[in-house]
Amino acid sequence: MPVNDDNKKGPNAMTASPATLDAERADLLAMIATARSALTRTVQGLGDEQLGERPTVSALCLGGLIKHVASMEESWLRFALEGPSAMRHDLPDGVTWADIMAGTAREFPQWMIDHDNEFRMLPGDTSAGILARYEQVAARSAEIVAAVPDLSATHPLPTAPWHEPGGVLSVRAVLMHVIAETSQHAGHADILREALDGQKSS
């Protein structure tokens with residue numbers, strides 16, 4: 001399947017978008033790019049240490065939010081391309097979802113540990129590295145949107161307690177979900193930045 005690599009990227013705008021797209025795909029990519037930009041603007045002028053600070057009663061930090069949203073977008077776009085095998089939520093032998101939800105599991109799966117670490121600035125994480133990875137995710141998303149034959153194509157959702165049994169999602173719905181979640185976390189990031197140093201990103 002051919003992929004259009006003619007992307008336009010900038011370090012702040014994150015507006016990776018193939019040059020030739022139909023109007024709907026171009027609009028959806030533009031909306032994702034706008035939401036990404038709203039999120040990344042919240043870290044302008046901050047150092048790496050500040051990206052790990054938690055200035056509110058929540059456990060959220062600015063660097064962690066960007067890490068999480070980048071991973072979320074990458075996972076959902078891979079789902080749009082590959083289906084449920086791209087988002088497996090396997091549990092260790094002998095561990096049930098009830099154990100997981102109650103916090104009593106004797107062992108937690110690696111994907112859950114990785115998910116928790118997305119929300120933290122870990123040793124070695126830097127602002128430049130986090131933003132560069134987000135740029136790479138944006139570019140790959142644009143390639144996938146350009147290459148997928150039909151935005152109406154659906155995939156069954158992977159088995160997990162937070163998904164309706166037998167549920168399906170179209171590629172179009174995946175993109176709308178990414179827009180919604182990125183926008184929601186951009187709002188969270190705005191609050192964190194204002195609590196951190198009084199600055200507003202919008």
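Helices (H or I, at least four residues) and strands (E, at least two) are DSSP runs, numbered from the N terminus.

**View 1. The chain and its secondary structure.** The model is predicted: local features need pLDDT of at least 70 and side-chain atom pairs count only at pLDDT 80 or more, while totals for chains, interfaces and linings use all residues. Residues are numbered from 1 along each chain as its sequence is written, and side-chain values use heavy atoms, with hydrogens and water left out. The chain has 7 helices and 2 strands, in the order α-α-α-α-α-α-β-β-α. Of its 202 residues, 43% are buried (under 20% relative accessible area; exposed is over 50%, partly exposed in between; 1.4 Å probe, protein chains only).

**View 2. The ring pair of Trp97 and Trp162.** Aromatic rings of Phe, Tyr and Trp (its six-membered ring) pair if their centres lie within 6.5 Å; planes under 30 degrees apart count as stacked, over 60 as edge-to-face and the rest as tilted. The chain has 4 such pairs. The centres of Trp97 and Trp162 are 5.5 Å apart and the planes stand at 85°, so this pair is edge-to-face. Trp97 is in helix H4 (residues 97-102), and Trp162, 65 residues away, is in the loop between strand S1 (154-156) and strand S2 (168-170).

**View 3. The ring pair of Trp111 and Trp162.** Trp162 is partly exposed, at 47% relative accessible area. With centres 6.3 Å apart and planes at 65°, the rings of Trp111 and Trp162 are edge-to-face. Trp111 belongs to helix H5 (residues 110-118), so its pairing with Trp162 ties together parts 51 residues apart in sequence. Trp111 is also partly exposed, at 25%.

**View 4. The cluster.** Ring pairs join Trp97, Trp111 and Trp162 into a cluster.
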